[in-house]
Amino acid sequence: MFSSRIPANLSLNPLTAAVRAARAGGRPFVDLTESNPTRAGFDYPPNLLAPLSDVRGLHYAPSPLGAIEARCAIAADYERQGVPVAAGRIALTASTSDAYSLLFKLLANADDEVLVPRPSYPLFDHLTRLDIVMPRHYDLDLHGAWSIDFPSLERAITSRTRAVLIVSPNNPTGSFISADELDRLAAICAPRSIAIIADEVFADYELEAGAAGRAGRAAARRDVLSFVLGGLSKSIGLPQAKLGWIAVGGPDPLAAAALDRLELICDTYLAVSTPVQLAAATLLERGAAIRRAIASRIQANYRALQASVARTPSCRVVPSAGGWYAVLQVPSLETEEDLVLRLLADGVLTHPGYFFDFPRESFLIVSLLPPEATFADGLSRVLRHFDCSMGGQ
Ligand SMILES: Cc1ncc(COP(=O)(O)O)c(C=O)c1O
């Protein structure tokens, strides 16, 4: 009765099942996987969402690509980042996930392929399959820092490849795509009519000074059709506002053809609420304070992580240049799954590397969002497993 876009097996993985059991049993734990900024103890001004009650929102005048004032506000936000994007090349979406779905409809027929980085964001499996697009992986290599393994990318290309996804900075490796890598990718994609989809939701968040400024930015390119994704979810820590966007880069005629077709798809769903479109400019302006608070929190936690791990010789922090997560390489004394279950039993929740398709074990992924004291508590519970001097095994 149900489509095969949905996984056949809906049972919980052992970690999720253990988390539910801990919650049901009232066993507290420090959550070092928290990715919801509204649960991470930031002081959101109580009236932050007041712009959503603009009386103009009582009138419904749908515009498929979005209200022009919101698109201008987003163009101005790109300018803040030093990336020139015309408002006419921006389409509003309900979220980044929504944007992926629109783009797969725009670019791919059933069973066409998109290339997905590995390791990366686990939702890509669902996002592609729900739109009947096949994900094929290319690798990111770790040689001190992460970079695209171009031979693996070229091997993954077939006549059915419609797009290459990049995430910059990537979740969870924290690597930005470099300007050279983007040049090389554009030279591979443009002649084959393959589009680039660049997920830049974390572009504002640096862990290494200057990393964002040095990154390649696809929205500014004129040589390859590119779709750059962003949203309020990360840029001002408001996932519940449900406003994302697609900025279209590429040669004028191709970008115009893509926008005409995107307009038709968006017109079919009209998914973005009028109040959030009217509020977008003010939210972006007022939300800058939240962005600064998140940036300073993740940087403080990342420094604390580096300092603590430096005292635990068997572990190391895999260098991260940006984003909300950090990667810890730990000894492979047991499987990652056994390790994260044991850590949970000891009162701290982390994610195993295999959730993100790391090429080998053992890696732990931690969120840098929790309040500093919570983060330090959780981290000490992790590290004592690997350091005899801290009372672990
Ligand atoms: C790389 C990446 N893209 C997109 C999203 C989702 O963003 P949105 O809330 O706009 O759908 C996330 C959420 O964690 C993410 O990590």
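1. At 53% relative accessibility, serine 193 counts as exposed, where exposed means over 50% relative accessible area, buried means under 20%, and partly exposed is in between, with a 1.4 Å probe and protein chains only. Serine 193 sits in the loop between α6 and β7 (195-199), and its phi is positive, at about 55°, although it is not a glycine.

2. Please keep in mind that this is a predicted model, in which local features need pLDDT of at least 70, side-chain atom pairs count only at pLDDT 80 or more, and totals for chains, interfaces and linings use all residues. Residues are numbered from 1 along each chain as its sequence is written, and side-chain values use heavy atoms, with hydrogens and water left out.

3. A positive phi of about 65° is also found at aspartate 357, again not a glycine. Aspartate 357 belongs to the loop between β13 (351-352) and β14 (363-367), and with a relative accessible area of 34% this residue is partly exposed. The helices (H or I, at least four residues) and strands (E, at least two) named in this note are DSSP runs, numbered from the N terminus.

4. Two peptide bonds deserve a look as well. Arginine 118 and proline 119 are joined by a cis peptide bond, with omega about 5°, and proline 119 lies in the loop that runs between β3 (113-118) and α4 (124-130).

5. Asparagine 171 and proline 172 are likewise linked by a cis peptide bond, here with omega about 10°. Proline 172 is placed in the loop between β6 (161-167) and α6 (179-189).

6. As background, most residues other than glycine have a negative phi, and most peptide bonds are trans.
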